[in-house]
Amino acid sequence: MEKLSEKDKGLIRDSWESLGKNKVPHGIVMFTRLFELDPALLTLFSYSTNCGDAPECLSSPEFLEHVTKVMLVIDAAVSHLDDLHTLEDFLLNLGRKHQAVGVKTQSFTMVGESLLYMLQSSLGPAYTTPLRQAWLNMYSIVVSAMTRGWAKNGEHKSN
C-alpha cells in the first residue's frame, strides 16, 4: 500500500478537522453530486422506502445510515493516515461488498469526484490545488485496496 507525504497528511487532517464534525450534511452534498453525475446509481439503493429520485433517497433513514457509514470510512482513513495499511483488510472487504451489490469499479471514480466537489463546496477558498491533490492521493490508495477486493470477489463468483 502506498504512503502519503507528510505535507499531504497535514493538508488532509487540517481540512477534515471541521468537516468531520458534521459528517452527514457533508455526505449529503457528496451523494447529491454523485447522483447528478450518474442518476442510474440510485437503482443500487433499494430500501423499504422508495428511492426513485435523489431527494427521496437522500431523505430516507436507510440511505442516511449509508451516508453516515461512507463518511465514517473517510474518517477512518483520515485517522489512519500514518498507517493506512492497517485498513487494508477492511477496505478489501468493502470492495467485495460493493461488487456483491452490483457496484462497478467505474463508480469509485465518480465517488472520488463527488468527494472533491463536497470538499470544494464546503471549504471554499481553503480548497487549494495542493489540498485537492492530497485528497486525490489518499482516495487513490483507498480505492486501490477496494478495487482489489472487488476483483477478488468477482473471481470467486466466476469460479
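Which residues are exposed on the other side of α1? The legends below begin with this helix, in a predicted model.

**View 1. Helix α1 has a buried side and an exposed side.** E6, K7, D14 and E17 are the exposed residues on the other side of α1. The buried residues of the helix are D8, K9, I12, S15, W16 and L19. Seen down the axis of α1, these buried residues fall within an arc of 145 degrees, so they line one face of the helix.

**View 2. The span of α1 agrees with its residue count.** The helix covers residues 6–19, which is 14 residues. At 1.5 Å a residue, α1 should span 20 Å. Its end C-alpha atoms are 20 Å apart.

View 3. E6 is exposed, at 59% relative accessible area. K9 counts as buried, at 7%.

**View 4. R13 forms a salt bridge with D82.** The closest N and O atoms are 2.9 Å apart. This pair links distant parts of the chain: R13 sits in helix α1, and D82 in the loop between α4 and α5, 69 residues apart. R13 is partly exposed, at 30% relative accessibility. D82 is exposed, at 51%. E6, K9, R13 and D82 are linked in a network of salt bridges.

**View 5. E65 pairs with K69 in a salt bridge.** Their closest N and O atoms are 3.5 Å apart. Both residues lie in helix α4, four residues apart, about one turn of the helix. E65 is partly exposed, at 46% relative accessibility. K69 is partly exposed, at 49%.

Conventions:
Residues are numbered from 1 along each chain as its sequence is written. This is a predicted model: local features need pLDDT of at least 70, side-chain atom pairs count only at pLDDT 80 or more; totals for chains, interfaces and linings use all residues. Side-chain values use heavy atoms; hydrogens and water are left out. Helices (H or I, at least four residues) and strands (E, at least two) are DSSP runs, numbered from the N terminus. The expected span of a helix is 1.5 Å times one less than its number of residues. Buried means under 20% relative accessible area, exposed over 50%, partly exposed in between (1.4 Å probe, protein chains only). The arc is that of the directions from the helix axis to the C-beta atoms. A salt bridge is a side-chain nitrogen of Lys or Arg within 4 Å of a carboxyl oxygen of Asp or Glu.
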